[in-house]
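Subject: Structure handover

Hello,

Here is the structure I promised you. Please open it next to this email and follow along.

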Amino acid sequence: MIEYTEARRFVLERCRRAEPTVVPLAEALDLVAAESVEAREQVPPFANTAVDGFAVRAADLHPDRSTALRIVGTVRAGMSGLDSPVGPGEAARIMTGAPVPPGADAIVMVERTEVSADGNTVIIGEAVNAGDNLRPAGDDIEPGDVLLEPGTRLTAAHLGMLATVGVTHLAVVPRPRVGVISTGDELVEGGGPLGPGQIRDSNRLALRALLRSSGFDTVDLGLVRDDEAAIEGALLAGVEHCDALVTSGGVSMGDFDYIKVVLDRIGDMRWMQVAIKPAKPLAFGTITRRSDGAAVPVFGLPGNPVSSMVSFELFCRPGLRQMAGAVGEDLDRPTVLAVAEEPLTRRPDGKIHFARVRCTHDLATGTHRVRSAGAQGSHQMAAMAAADALAVLPDGPTIEAGAAVRVLLLAP
Ligand code: AMP
Ligand code: MG
């Protein structure tokens with residue numbers, strides 16, 4: 001057996017970052033930026049009002065008595081301003097986002113004003129400071145400000161900020177397109193009656209869903225029989241139009257476990273027995289794409305449904321995220337330190353166990369607590385479905401109730 005960290009390092013060394021490509025901003029969410037962006041304009045582009053009210057000259061108003069100002073016009077959002085500046089003793093009606101007219105240096109909120117019956121005069125009972133309720137040009141962004149560094153994962157707010165300064169397209173690291181293959185003579189598709197010895201293929205659906213929810217594009221490469229030639233054909237065809245392949249089944253010690261046999265023959269593969277439970281066997285390697293010579297990563301995951309999903313979390317997701325430009329902590333799911341609410345049972349066996357657990361967060365105390373999500377067999381999907389986290393149980397005895405345990409959060 002090899003340590004998890006070694007197996008992971010081996011995988012990450014072979015998952016190279018994809019070449020950047022330029023996409024419309026609307027398609028850049030959750031991708032990693034491949035360029036820096038420097039602002040070329042001011043935001044806001046002109047001084048404007050933060051509130052609906054009256055544009056005034058602050059010096060006209062008194063703290064201890066009301067002032068009547070003559071209303072000289074209305075400035076709406078989208079207008080360029082007024083015909084003439086606001087003079088002493090004058091005010092202009094103004095709507096949020098409208099440019100502050102020349103002459104005025106503060107805005108009084110409409111709630112603090114009263115308009116005379118004839119509509120020509122506004123009465124203001126308080127003083128204001130120059131600059132009140134006014135957003136100067138450039139108080140958010142100035143030309144030359146660096147808005148984005150390469151390597152940033154793009155959030156909704158990044159996209160909004162870039163749109164503000166007129167960016168329409170951006171160089172990003174593209175999301176990998178990942179082909180998914182199930183292998184096994186016992187597998188059937190759909191909901192029909194099962195023949196003797198048959199089970200339904202669940203991994204392909206679950207893995208494709210995991211890929212999509214992790215932000216990757218997926219291609220269904222189907223169900224392939226335990227047949228060397230069929231597997232070889234599927235892998236060679238897959239690498240021609242995918243950036244990576246994920247297979248399940250056929251990597252254990254069985255007589256018909258051909259994935260590792262074929263990968264070893266047509267690719268540069270390492271078959272690993274990783275010191276983890278579930279998901280001990282992993283066949284990982286690269287196949288050279290004929291058309292351009294690229295080394296396409298192939299993840300040969302174990303067939304047991306829970307193993308395939310845990311293996312995905314521990315190897316595929318970080319590897320594929322690295323291909324998509326992620327670095328450091330961004331490769332992995334977030335982890336927290338939690339308190340075991342009940343014993344998390346295990347025996348010393350030289351392996352790290354990844355237990356399917358439910359994790360609750362107490363907002364008041366800031367603590368996380370975990371309980372087992374159910375039966376922990378590598379075929380038992382009920383507990384995987386009930387789990388929202390994996391508890392990392394280091395080699396050793398049972399984690400007793402009340403002890404701290406590190407947890408990988410699978411759901412937000
Ligand atoms: P294998 O890794 O091929 O030895 O398969 C290990 C176990 O996982 C066996 O019990 C298989 O029947 C089961 N299995 C393999 N592939 C799938 C799949 N796509 N969906 C559900 N179970 C599977
Ligand atoms: Mg099999």
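Domain bounds here come from an automatic or database domain assignment. By that assignment, the protein chain splits into domain 1 (4-18 + 174-330), domain 2 (21-40 + 147-173), domain 3 (48-135) and domain 4 (335-409). The C-alpha centres of domain 2 and domain 3 are 38 Å apart. Please keep in mind that this is a predicted model.

**Helix packing**

Start with helix H3 (residues 203-213) and helix H6 (residues 305-323). Their axes are 11 Å apart, and the packing angle is about 30 degrees. Angles under 35 degrees count as roughly parallel, so H3 is roughly parallel to H6. The crossing of H3 past H6 is right-handed. On the H3 side, the contact uses Asn 203, Ala 206, Leu 207, Leu 210 and Leu 211. On the H6 side, it uses Pro 305, Ser 308, Met 309, Phe 312, Glu 313 and Leu 320. What kinds of residue make up the contact of H3 with H6? Eight are nonpolar, two are polar and one is charged.

H6 also packs against H1. These two axes come within 9 Å and cross at roughly 35 degrees. The crossing of H1 and H6 is right-handed. From H1, the residues are Tyr 4, Ala 7, Arg 8, Val 11 and Leu 12. They meet Leu 314, Phe 315, Pro 318, Gly 319 and Gln 322 in H6. The residues of this contact divide into seven nonpolar, two polar and one charged.

Now look at helix H4 (residues 228-241) and helix H5 (residues 258-266). Their axes come within 9 Å, with a crossing angle of roughly 60 degrees. That angle makes H4 oblique to H5. H4 passes H5 in a right-handed crossing. H4 brings Glu 228, Ile 231, Glu 232, Leu 235 and Leu 236 to the contact. H5 brings Tyr 258, Ile 259, Val 261, Val 262, Leu 263, Arg 265 and Ile 266. Nine residues of the contact of H4 with H5 are nonpolar, none is polar and three are charged.

**Aromatic pairs**

How many aromatic pairs are there? The count comes to five. One pair joins Tyr 4 and Phe 354. Their ring centres are 6.2 Å apart and their planes are at 70 degrees, so the pair is edge-to-face. The cut-off for edge-to-face is over 60 degrees. Tyr 4 belongs to helix H1 (residues 4-13), and Phe 354 to strand S24 (residues 352-362). The two residues are 350 residues apart, so find both before you zoom in; the pair links distant parts of the chain.

Most residues other than glycine have a negative phi, and most peptide bonds are trans.

- The peptide bond from Val 43 to Pro 44 is cis, with omega near -10 degrees. Pro 44 sits in the loop between strand S3 (37-38) and strand S4 (48-49).
- The peptide bond from Lys 277 to Pro 278 is cis too, with omega near 0 degrees. Look for Pro 278 in the loop between strand S20 (276-277) and strand S21 (281-288).
- Asp 30 is not a glycine, yet its phi is positive, at about 70 degrees. Asp 30 lies in the loop between strand S1 (21-24) and strand S2 (32-33).

Best wishes

Conventions: Residues are numbered from 1 along each chain as its sequence is written. Chains are lettered from A and ligands numbered from 1 in the order in which they are written. This is a predicted model: local features need pLDDT of at least 70, side-chain atom pairs count only at pLDDT 80 or more; totals for chains, interfaces and linings use all residues. Side-chain values use heavy atoms; hydrogens and water are left out. Axes are lines fitted to C-alpha atoms, for helices over the stretch in contact, and angles run from 0 to 180 degrees between N-to-C directions. Helices (H or I, at least four residues) and strands (E, at least two) are DSSP runs, numbered from the N terminus. Angles under 35 degrees count as roughly parallel, over 145 as roughly antiparallel, 65 to 115 as roughly perpendicular and the rest as oblique. A crossing is left-handed if the near helix is turned anticlockwise from the far one by less than a right angle, and right-handed if clockwise. Contact means heavy atoms within 4.5 Å. Ala, Val, Leu, Ile, Met, Phe, Trp, Tyr, Cys and Pro count as nonpolar, Asp, Glu, Lys and Arg as charged, and the others, Gly among them, as polar. Rings of Phe, Tyr and Trp (its six-membered ring) pair if their centres lie within 6.5 Å; planes under 30 degrees apart count as stacked, over 60 as edge-to-face and the rest as tilted.
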